[in-house]
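User: Hi! I am new to reading protein structures. Could you walk me through this one, a feature at a time?

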Protein chains: 2
Amino acid sequence: MVRNHSYCSSIEVDIQEYLKKAIPIRPPVSVFEPMHYLTFAAPQSKAPTLCIAACELTSGDGSQAMAAAAALHLTHAAIYTHENLPLTDRPRPKPEVPHKFGPNVELLTADGIIPFGLELLARSMDQTQNNPDKILRVIGEITRAVGSQGIVAGLYRELQMDQPDINVGRAIDYVCKKKEGELHACGAACGAILGGGDEEEIEKLRKYGLYVGMIHGMLNGVGKNKEGLMEEKIEKLRILALKELENFDGKKVELISSLCSA
Amino acid sequence: MVRNHSYCSSIEVDIQEYLKKAIPIRPPVSVFEPMHYLTFAAPQSKAPTLCIAACELTSGDGSQAMAAAAALHLTHAAIYTHENLPLTDRPRPKPEVPHKFGPNVELLTADGIIPFGLELLARSMDQTQNNPDKILRVIGEITRAVGSQGIVAGLYRELQMDQPDINVGRAIDYVCKKKEGELHACGAACGAILGGGDEEEIEKLRKYGLYVGMIHGMLNGVGKNKEGLMEEKIEKLRILALKELENFDGKKVELISSLCSA
């Protein structure tokens with residue numbers, strides 16, 4: 001358990017280091033200062049870690065998936081920023097989220113953050129051993145996950161959660177699946193693609209990521225403080241998640257499986 | 001002139017048709033209806049047209065650049081939506097922009113639109129003759145143009161235009177260069193890349209696009225209603241623009257050059 005924890009922590013440190021180098025505070029400072037700040041202000045997501053771990057599980061080197069992991073974190077940070085943006089029709093922005101910059105600057109900055117992540121990825125073609133087909137596939141995966149049938153669909157449903165005729169349990173399932181689920185599924189699949197996994201491995205890791213993400217959403221996202229509703233579901237998801245890892249190599253499975261118990 | 005006008009119009013029709021097929025109103029309707037609406041609510045930009053025209057000028061077939069042109073339009077539409085979003089710190093949203101949906105839905109939808117455009121592009125690998133290297137390069141071009149050193153930098157500066165110590169003339173130049181300029185430069189460069197232009201042709205068309213975009217910004221963007229300040233600049237930009245086309249084939253030059261006289 002200690003080793004598992006430090007495996008994930010060391011991946012997280014690597015990703016943070018990579019991002020710090022990729023987003024230095026440089027001119028125009030009025031642009032890069034908020035970009036740097038908002039990139040690191042978002043709470044960490046496990047999706048980038050999962051991306052590196054899946055790459056290593058499929059016998060790749062973690063560095064091959066670093067640009068993808070960074071793009072996943074940037075995507076997550078941009079969405080987090082927009083989620084907490086003070087809009088005229090958003091009744092209750094979360095009071096615990098500090099706003100160092102005005103809404104206008106936060107809006108724009110997050111608009112720049114997602115493309116920046118994809119740019120890192122597109123430009124990683126020259127620096128790695130991956131072939132362009134794999135990187136293009138990963139770009140397709142990330143853009144689909146963040147888009148209208150993925151995270152954005154989850155955010156829409158979340159907006160409707162207060163409506164009186166909503167089945168709360170089902171709505172939570174849907175939001176967790178689309179929001180955290182899609183991002184983590186995408187992270188794991190991208191890692192497996194870049195690590196050289198075969199189609200079966202990619203799909204198994206995608207499902208593993210989906211379950212891990214849903215658990216995360218139920219614990220920390222829209223399911224938070226609804227423990228009574230969630231406990232049983234989370235336990236089922238853990239069992240499903242671990243089942244997807246059954247055919248992978250023993251030692252590395254131990255490392256990646258720690259991600260579903262956080 | 002009539003032929004030039006219809007050349008551009010026929011390209012615009014093709015792009016609209018392509019987009020209509022790419023974004024049908026399908027389930028979840030609560031997501032795709034605003035996506036469809038906001039895609040076509042934005043005023044048309046010449047950047048996608050320029051992309052197709054540059055592809056054809058460099059001896060490519062227009063269809064090879066269609067996904068890129070669509071991604072450019074979607075990027076433009078998303079930015080337009082966010083620009084006109086009612087935020088708590090935005091004092092004067094333009095009264096002429098109608099809002100069919102609430103700010104929250106508009107924010108989210110535009111967040112889904114940019115990735116969707118890039119997804120179209122990433123997935124166009126299978127359907128065209130282009131090799132993945134070119135498409136990856138184009139994704140890098142578009143993400144860079146929209147990001148923190150491109151359009152977003154222009155939008156930042158535009159926010160500061162009301163400050164008392166601003167040199168209005170220089171600020172307009174900067175905003176037009178970064179906002180419309182970068183998008184059109186990117187459009188022309190992407191078309192030339194996909195059309196198989198050599199590096200010199202790509203860079204000439206990139207500059208042509210930059211000047212065309214700046215003219216557009218001075219006429220219709222931040223320079224609007226400041227004709228006295230702009231007239232001379234616009235004339236200079238037109239001369240610079242046409243100069244970039246000098247070494248291209250005669251007949252096709254006539255077609256693409258109409259874009260800088262609109």
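Analyst: Happy to! Let's start with a term: a polar contact is a pair of N or O atoms within 3.5 Å; within protein, one must be able to donate a hydrogen and the other to accept it, and residues adjacent in sequence count only if both atoms are side-chain atoms. Helices (H or I, at least four residues) and strands (E, at least two) are DSSP runs, numbered from the N terminus. This is a predicted model, where local features need pLDDT of at least 70, side-chain atom pairs count only at pLDDT 80 or more, and totals for chains, interfaces and linings use all residues. Residues are numbered from 1 along each chain as its sequence is written, chains are lettered from A and ligands numbered from 1 in the order in which they are written, and side-chain values use heavy atoms, with hydrogens and water left out.

User: Which residue caps the N-terminal end of α9(A)?

Analyst: That is A:D198, with a side-chain oxygen 3.1 Å from the backbone nitrogen of A:E200.

User: How do I read the size of an interface?

Analyst: It is often given as the accessible area lost when the parts come together. Here, chain A and chain B bury about 4300 Å² between them (accessible area, 1.4 Å probe, lost on being put together and summed over both). Carbon and sulfur atoms give 69% of that area.

User: Which element gives the most to the side of chain A that touches chain B?

Analyst: α5(A) does, with 13 residues.

User: How are the two copies related?

Analyst: In general, two copies of a chain are related by a rotation about an axis and a shift along it. Chain A can be laid on chain B by a turn of 180 degrees and a shift of 0.0 Å along the axis, with an RMSD of 0.0 Å (least squares on the C-alpha atoms of residues with pLDDT of at least 70 in both). The copies are therefore related as by a two-fold rotation axis. In chain A, the residue whose C-alpha comes closest to the rotation axis is A:L87, at 2.4 Å.

User: And salt bridges?

Analyst: Side chains of opposite charge can pair when their charged atoms come close. The rule asks for a side-chain nitrogen of Lys or Arg within 4 Å of a carboxyl oxygen of Asp or Glu. Over all chains the count is 26, yet across the interface of chain A and chain B it is 0. One salt bridge joins B:K179 and B:E158, with the closest N and O atoms 2.7 Å apart.

Conventions: Buried area = accessible area lost by both parts, 1.4 Å probe.
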